[in-house]
2 protein chains.
Amino acid sequence: MDSVQLKELLRKRNLKATHTRLSLLNKMHAYGSAMSHSVIQKQMQPIDRVTLYRTIESLHEKGIIHKAFQENNETFYAICGSSCNTQAHKHDHAHFKCLKCNTVSCQELDETLKISLPNYEINKVSIHIEGICDLCH
Amino acid sequence: MDSVQLKELLRKRNLKATHTRLSLLNKMHAYGSAMSHSVIQKQMQPIDRVTLYRTIESLHEKGIIHKAFQENNETFYAICGSSCNTQAHKHDHAHFKCLKCNTVSCQELDETLKISLPNYEINKVSIHIEGICDLCH
DNA sequence: AATCTAAACGCAACAATGTTGCATTATAAT
DNA sequence: ATTATAATGCAACATTGTTGCGTTTAGATT
């Protein structure tokens, strides 16, 4: 996603295409997997803490990024796919965290997870797996 | 689980059966589903904040309770089943959080979730589902 | 039952994380 | 170029989590 597309996306969601937002989205895109708040903060340096909180909040509210999962009192964020919008999010992939190399990757589960709960309305499913990845094994 | 059994469990894991620990375990058992830190704190009042942190930590370390999931920068804890011990935890059930009544319940997924990741070692799987439960529907 | 020791507790002080209000600056519409 | 509004940075505050240490309690020993 290049700079022009990003600006369009932000404007479409009624957000100004500020340097902070573009920079954050670029970094998240380059990073490849879900980023923790502390990692984001390091990579965005120098930035005011409050500005970062509000930047993340605005992108989250408009469905441009989402909370992938939380761990050790830290939230991990990821860019939403094209299937997400302000109203509804679709994130049925799983996040795998390797306990050796500490990277987080998205795993498409071959057989779609069949969750059948009669009379339940399911809005969001998040699957978080921890272990040792193939490279570290 | 009555008081005698609880004391035995604590002693088996090399923890003293203190009033604080017994009280916390009783409350978690009575509560039925995963409890957030803030709810625990309210129910344990009056208690020193530090003591609560350390009580939870000790029970968690010894595999008596586990972190069910985290949400809104809060950790939810639940009592481990009999299949858990100091070394290994088995928690393959899913947690369902109703967005209307805010209760969290454990859902046994009828078809066991088949997660096949070749050459990966899977230590822990946590599934968190949000939506509207049958009663609120 | 009294004594003893290690673990657990409570308090104080500190550190890290998250929030609010407001003056200044940047975006983008006119 | 001008202007209105949103975004930023700063200060102050609130909440959450951590560390050190003196006191108390559990439970083992005698």
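**Close-up views of a predicted protein–DNA model**

View 1. Chain A has a cis peptide bond from Gln45(A) to Pro46(A), with omega near -5°. Pro46(A) belongs to the loop that runs between α3 (37–43) and α4 of chain A. As background to this view, most peptide bonds are trans.

**View 2. The surface near DNA strand D is formed by residues of chains A and B.** There are 23 residues around DNA strand D, and those that come nearest are Thr18(A), Thr20(A), Val50(A), Thr51(A) and Ala17(B). Two or more residues of this surface come from each of α2 (19–31) and α4 (49–61) in chain A, and from each of α3 (37–43) and α4 (49–61) in chain B. The most is given by α4(A), which supplies five residues. Sorted by class, the surface near DNA strand D holds 10 polar, seven charged and six nonpolar residues.

**View 3. Helices α2(A) and α4(A) cross at roughly 70°.** Their axes come within 10 Å of each other. Angles from 65 to 115 degrees count as roughly perpendicular, and α2(A) is therefore roughly perpendicular to α4(A). On the side of α2(A), the contact involves Thr20(A), Arg21(A) and Leu24(A); on the side of α4(A), it involves Thr51(A), Thr55(A) and Leu59(A). The classes represented in this contact are three polar residues, two nonpolar residues and one charged residue. Thr20(A) and Thr51(A), which take part in this contact, are also among the residues that come nearest to DNA strand D.

**View 4. Three strands of chain B form an open sheet in the order β1-β3-β2.** The pairing in this sheet is antiparallel. At the edges are β1 (35–36) and β2 of chain B, each of which pairs on one side only. Helix α2 (residues 19–31) of chain B packs on the sheet and touches β1, β2 and β3 of that chain. The direction of this helix makes about 90° with that of β3(B). Between β2(B) and β3(B), which run antiparallel, there are six bridges. One residue pair to locate here is Phe69(B) with its bridge partner in β3(B), Phe76(B). In general, the strands of a sheet pair through backbone hydrogen bonds.

**View 5. Asn14(A) and Asn73(B) have positive phi values.** Most residues other than glycine have a negative phi. For Asn14(A), phi is near 65°; for Asn73(B), phi is near 55°. Asn14(A) is placed in the loop between α1 (3–12) and α2 of chain A, while Asn73(B) is placed in the loop that links β2 (65–71) and β3 (74–79) of chain B. Asn73(B) has 11 within 10 Å, so Asn73(B) is exposed.

**View 6. Gly63(B) lies in the loop between α4 and β2 of chain B.** Gly63(B) counts as partly exposed, with 15 C-beta neighbours inside 10 Å. Ile79(B) is 16 residues from Gly63(B) in sequence, and the C-alpha atoms of the two residues are 8.8 Å apart in space.

Note on methods:
Residues numbered from 1 in each chain as written. Chains lettered and ligands numbered in written order. Predicted model: local features only at pLDDT ≥ 70, side-chain atom pairs only at ≥ 80, totals over all residues. Near = placed C-beta within 6 Å. Helix = DSSP H or I, 4+ residues; strand = E, 2+ residues; numbered from the N terminus. Nonpolar A, V, L, I, M, F, W, Y, C, P; charged D, E, K, R; others polar. Buried ≥ 20, exposed ≤ 12 C-beta atoms within 10 Å, placed from the backbone. Axes fitted to C-alpha atoms, helices over the stretch in contact; angles between N-to-C directions. Parallel < 35°, antiparallel > 145°, perpendicular 65-115°, else oblique. Contact = placed C-beta atoms within 7 Å. Pairing = 2+ DSSP bridges.
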